[in-house]
Amino acid sequence: MRYLPLSDSDRSEMLAAIGAKSIDDLFVDVPEAARMNGLIEGLPLHASELSVERQLGAMARKNLVAGEVPFFLGCGAYRHHVPATVDHIIQRGEFLTSYTPYQPEIAQGTLQMMFEFQTQVARLFGCDIANASMYDGSTACWEAILVASRITRREKAILSSGLHPHYVSVCNTMAQFSDDALATTPPELSAEPDTERLIGKIDDETSAVVVQYPDILGRIFDLQPIADAAHANGALLIAVVTEPVALGLIKSPGEMGADIVVGEGQSLGVGLQFGGPYVGLFACKEKFVRQMPGRLAGETVDAEGKRGFVLTLSTREQHIRREKATSNICTSSVLCALAFSVHLSLLGEKGLRQLAALNHSRAATVADRLSRIPGVQLVNDSFFNEFTIKLPVEARPAVRTLAERGVLAGVSLGRLYPDAPQLENGLVVAVTETVTDEDMDALEAGLKELCA
Amino acid sequence: MTVNPSGWRPSTPLSAESGGATVTGNRALMLEEPLLFEAGNSERTGVDFECAPAEAGAQSGSLPSQGHRLAGLARTGPIGLAGLSEPETVRHYTRLSRQNYAIDLGLFPLGSCTMKHNPRLNEKIARLPGFADIHPLQPVDTVQGALELIWVLGEWLKTLTGMPAVAMSPKAGAHGELCGLLCIRAALEARGDAREVVLVPESAHGTNPATAAFAGYRVENIPATKAGRVDLDALKARLGPDVAAVMITNPNTCGLFEPQMIEISRAVHEAGALVYCDGANFNAIVGKVRPGDLGIDAMHINLHKTFSTPHGGGGPGSGPVVLSEALAPFAPLPFVEKRGGEFVLIEEENSDEHHPGSFGRMVAFHGQMGMFTRALAYMMSHGADGLRQVAEDAVLNANYVLRELDGVLDAPFASTGPCMHEAIFSDRGFAEGLSTIDLAKALIDEGFHPMTMYFPLVVHGAMLIEPTETESKAALDQFIAAMRAIAERAKTGDESLKSAPVYAPRRRLDETLAARKPVLVYRPAQAAE
């Protein structure tokens, strides 16, 4: 077996050194009844590289690859071009095969990268500080609600109807097991977000208001009035960003008064990967630092006075504080954070602004073209790179029909909100820099035909 | 190019002249690297964009003509990001990478972390466009191969553990623990028997009590025996109608199999509670023992430990959870079912019909697809025969280290018999003033990553060594020789251990300073101070 260096003579020699007659002597503690003497049944024997590649390659080929067809899906996962440098760096063994940097003398590479990542995320979100990553956007969102509960000592959070329904679902699941009560409703197919409703619901028992920006329909809106209303009642504003590229073009949530900003970092560096692994982003005001979940890299000096970085404030964490920790999170998503950070370093301020402007411009072109199709209505006129249209027919079967013709047209609201018939004609269309003019033609032609 | 045929060398060593300092701070291949925010600036970029004439405005970064669609929210001020050109980016991260220890460089004996070789075939498979470039919300007809892969991996995990069901979506080990406890909670509530307490052995990973608290339980410890096992009598005495579950790690964090595991499970079940098993140490028994035969109800499997997906400096991991018949109905959404030749995604909309008891959703999408592909490539490569050999070689390597170091270091449980996949030692016999950390840091100078230290808490100054099966005998012998030499120095009171490491990119770092005055992001003002 190619991954196992011991030879049979090594094994015999080592058993002799240990004083064991056979390998079974080392498994004596396993109860007789539970010991398997032969090979486990129902599994094949070992396979060559070539054979594994063939078998899994065949499985991979059964999927319709986003990059090979006109592709317009978003709703929490975006397809951007990832520079080749990103994958090269994350495949360097010193990053790929290193451990959580508990031994800082031999982990400065990861620690400095984390520190740079924290700085990038904090600046992008307009916050004071950020942590070194969470599992994904949805779990970061729930952790933010918990942080708000601890800070305000209140347990009622109000979720915007524009929050990704899967994020709502994760939060509702987790809230069953905590003392938190969550209030939410599905969105309406309108240009206006539910700012008024949210503000109306805030009272002196509210721990936090959670809004997504841009929201699930792609709408963008001023967060400041919500922040002001929340703060006036002693509550926090949590903003959720699932498309961080947007912040190259529009104001950050932090600038508009958000106290905690969490998000999904997948759109920079990570790729689609059928939903994971992704990278959760978590940023907040500095005064909340001791309530934060997850790892934090901090600056310090070594015994010779040289600058270096360490994992810090670990008294918040499970390996020190056990049941009193701020979260049970241990392994997070550092390699994806590296991919995010390398991509953002390559882009820089200038590149991110260009990328964002290009996304918006192409999305606006597609919105114009689609809204000219008879029967199709553009729901929101304000957006970044994603918008919602209302079709004259149910969107979910339309998406399936177009997929059969080799066009991945967007995410139907029927897929996201199967219990909301009032949304069934809604289609969320995302347009990134990867969309070509030919892709636009194909989408327009396909929708025209279905709507005729 | 010229060579130096005379072999001439400067007669004065660098250190005599300059105290070892170089002008740049570099030392040959050891290169210092400034922060991204010091090296880069807001004007530099390493990405070019295609320039369509209609989008010329977008190219300059100025507001595009459709600016009216931004609801008045166009960014006005700078973000504060720093950019680098492509060559500078490659150099920045390559230099940083060289300051990291990694499994690709050498032995990584971190107990309970299973730092084994990460095969590159896994990376190749994960990057096939059919897996890497598909969207989680594509129509299910267009991702049948991806759903098939998730299903097939689940079948492997069920077969290897002897368990009837598996939840694939948890994102890491601790998330898997949470999944298991939420299943337990949902099952108990479904029978109208809400309970409040989770029992955790004092040797457990920190995630166990943290997870139990996160799931809304009160945590109580159960003690260990002198032989490093769960104290069955103490456990039985504590079991009662308020106990929801017992979380057991098996093999445990002392590297020992719990020989009374079947009795433990029976006692827990008789008291109406359920058994959660922390599967972090599954590598020791894969292919040799099926946890399902030990009476457990839920166990997470760290794909980034046993099944070789890379740790990546702290994730991403993946923590599927195998479940007993009692817990299967409560498994989280989404998951994949095979119906005829078709793979069906069970989500909120179709769960009422087929899976009404589910406790809900834990993550936005389907779990760690990129880790599933890697783990399955690893499992198929080994097969039933190779996986059994994995466990045997892992246990053999650990016992070899245990016997070769027993006598040099205090091995508190060595007299009770063999260990499983990891060997544990204490700091007994070290000279006054020297501790485990000093030995560990000296190991860095010898070119090894330190072992797990001061964990589990039940052993004084614990050193937990897990070599894994992917180390050769030669590598183990070199490690053992280094350990013996350093242990002797610790016992004879060699004070120079306290200044180790000497040869690493950094000397010991001031963690107290970092925590007392946290600097968590780069701020130029602070840099100037």
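This is a predicted model: local features need pLDDT of at least 70, side-chain atom pairs count only at pLDDT 80 or more; totals for chains, interfaces and linings use all residues.
Local features need pLDDT of at least 70 and side-chain atom pairs count only at pLDDT 80 or more, while totals for chains, interfaces and linings use all residues; side-chain values use heavy atoms, with hydrogens and water left out. Residues are numbered from 1 along each chain as its sequence is written, and chains are lettered from A and ligands numbered from 1 in the order in which they are written.

Side chains of opposite charge can pair when their charged atoms come close. A salt bridge here is a side-chain nitrogen of Lys or Arg within 4 Å of a carboxyl oxygen of Asp or Glu. Over all chains, the structure holds 60 salt bridges. One of them joins Glu94(A) to Arg92(A), with the closest N and O atoms 2.9 Å apart. Both Glu94(A) and Arg92(A) are buried, where buried means under 20% relative accessible area, exposed over 50%, and partly exposed in between (1.4 Å probe, protein chains only).

In chain B, Arg489(B) pairs with Asp494(B), the closest N and O atoms being 2.8 Å apart. Arg489(B) counts as partly exposed because its relative accessibility is 29%, and Asp494(B) is partly exposed at 24%. Salt bridges that share partners also join Glu196(B), Arg218(B), Glu220(B), Arg238(B) and Asp242(B) into one network.

Another salt bridge of chain B links Lys158(B) and Glu155(B), whose closest N and O atoms are 2.8 Å apart. Both residues lie in helix α7 (residues 144–161) of chain B, 3 residues apart, about one turn of the helix. Helices (H or I, at least four residues) and strands (E, at least two) are DSSP runs, numbered from the N terminus. Lys158(B) is partly exposed, since its relative accessibility is 21%, and Glu155(B) is partly exposed at 27%. The helix as a whole is mostly covered: 14 of the 18 residues of α7(B) are buried. At 1.5 Å a residue, α7(B) should span 26 Å, which agrees with the 26 Å between its end C-alpha atoms; the expected span is 1.5 Å times one less than the number of residues. Just after α7(B), Gly162(B) takes a positive phi of about 65°.

The two chains meet through 209 residues of chain B in contact with 200 residues of chain A, contact meaning heavy atoms within 4.5 Å. Between them they bury about 17,600 Å², 62% of it on carbon and sulfur atoms. Buried area is the accessible area (1.4 Å probe) that two parts lose on being put together, summed over both. There are 18 salt bridges between chain B and chain A. Among them is the pair of Arg229(B) and Asp29(A), with the closest N and O atoms 2.5 Å apart. Helix α13 (residues 369–405) of chain B gives the largest share of the side of chain B that touches chain A, 27 residues.

Back in chain A, Asp8(A) lies in helix α1 (residues 8–18). Asp8(A) counts as exposed because its relative accessible area is 57%. The C-alpha atoms of Asp8(A) and Gln108(A), 100 residues apart along the chain, are separated by 39 Å.
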